Amino acid sequence: MDKREESMRTEETLATEDQNEETGESGLTGTFWALAAAQVVSLFGNAVLRFALPLHVLSVTRSSVAMGVVTACAWVPYTVLAPIGGVAAGRIRKRLIMATLDAVMAAVCAAYLLLSGTVDVVGLAVAALVALYAVQSIYQPTVQASVPALVERTAIQRGTAVVSQVSMLSSLVGPVLGGVLFGMFGIGPVIAVSGTLFAASAVLVTVAVRVPFAPLPRDAGILRTVAEDLAAALRFLREGRLAIFRMILLATAFNLVLSSFVVIGAPVVITQVLGLSAQLLGLAEGALALGGLAGGIVA
């Protein structure tokens with residue numbers, strides 16, 4: 001048995017010992033539901049902010065190009081950091097990652113409110129969205145990686161489905177809430193609400209979430225360790241889970257070709273071409289997410 005297998009068995013043992021609480025027939029523990037609740041709060045803050053900031057840039061500049069640039073800049077850290085987020089979730093205490101990231105976003109929201117009116121709106125929006133997407137690229141893999149340690153083995157699929165549906169639910173309701181707040185009060189209250197949600201999630205994770213942790217052995221530097229972990233994951237997908245690898249490539253192709261038209265095109269057409277309100281744009285974004293939620297439930 002190599003060091004990695006030995007460490008994984010140790011982590012499984014710690015997880016089993018830590019789950020002395022009542023799980024019920026579903027196999028989902030109380031700690032898992034605390035994690036899901038924290039995810040709901042954090043993702044609502046994320047979805048509201050992700051919806052409102054590009055729309056604020058569009059309403060101020062009246063430029064779809066400016067909105068596209070802001071959104072593109074935000075996706076760069078997500079693309080780069082998402083694979084690294086999976087590595088971090090396996091090697092750093094998951095509760096620490098989640099609480100820290102929520103606290104960082106609460107601080108970003110506070111800084112935005114302090115700097116609003118004194119800094120260029122496009123630059124400020126880019127900075128806030130870059131932080132938001134960077135945090136999300138690490139936060140969500142950490143939540144997903146926590147599920148096996150918090151539920152019974154037979155309930156892993158059920159727990160993963162709950163986490164995924166929570167994410168889709170936030171995408172459904174977040175834009176609607178963001179549209180109502182932005183349309184009625186402007187960007188300031190939206191930022192304040194999001195910051196409050198992030199702070200509440202950080203407190204909830206710190207107080208109520210306990211994820212068993214056993215660090216994987218590391219016999220190389222950080223960069224080499226990350227490269228080796230990513231290479232191992234790629235080999236696993238290509239050699240052992242080829243169907244999943246093909247699905248990832250298909251999803252990548254869809255996102256590259258179609259998502260940009262929806263992400264940028266829908267707000268421009270609804271608010272600029274048709275002259276409709278931010279509230280109706282929020283409903284339209286929610287309707288798009290409803291399709292994803294329905295697909296997830298059917299699957």
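Start by selecting residues 121-150, which make up helix α5. At 1.5 Å a residue, its 30 residues should span 44 Å, and the C-alpha atoms at its ends sit 42 Å apart, so the two agree. (The expected span is 1.5 Å times one less than the number of residues; helices are DSSP runs of H or I, at least four residues long, strands are runs of E, at least two long, and both are numbered from the N terminus.)

Before moving on, a word on what you're looking at. This is a predicted model, where local features need pLDDT of at least 70 and side-chain atom pairs count only at pLDDT 80 or more, while totals for chains, interfaces and linings use all residues. Residues are numbered from 1 along each chain as its sequence is written, and side-chain values use heavy atoms, leaving out hydrogens and water.

Stay with α5 and colour it by burial: 22 of its 30 residues are buried. (Buried means under 20% relative accessible area, exposed means over 50%, and partly exposed is in between, with a 1.4 Å probe and protein chains only.) Now pick Asp120, which caps the N-terminal end of α5 with a side-chain oxygen 3.2 Å from the backbone nitrogen of Val122.

Next, select Gln39 in helix α2, residues 30-61. Is Gln39 buried or exposed? Gln39 is buried, with a relative accessible area of 0%. Show its neighbours too: leaving aside residues up to four places away in sequence, Gln39 touches Tyr139, Gln140, Val143, Val163, Val166 and Ser167. (A contact means heavy atoms within 4.5 Å.)

Jump to Leu177, found in helix α6, residues 156-185. Leu177 is partly exposed, at 33% relative accessible area.

For a surface stop, select Val269, Val273, Leu274, Leu276, Leu280 and Leu283, a nonpolar patch with about 540 Å² of accessible area together. The elements giving two or more residues to this patch are α9 (242-273) and α10 (278-298). Leu283 belongs to helix α10 and is partly exposed, at 48%.

Finally, zoom out. The protein has 10 helices and 0 strands. Of its 299 residues, 41% count as buried. Among contacts between residues at least 6 apart in sequence, 85% join residues at least 24 apart.

Conventions:
Patch = residues over 30% accessible without salt bridge, like charges linked within 9 Å, V, L, I, M, F, W, Y side chains within 5 Å. Areas by Shrake-Rupley, 256 points an atom, 1.4 Å probe, with all protein chains shown as cover. Salt bridge = Lys/Arg side-chain N within 4 Å of Asp/Glu carboxyl O. Polar contact = N/O pair within 3.5 Å; in protein donor to acceptor, adjacent residues only side chain to side chain.
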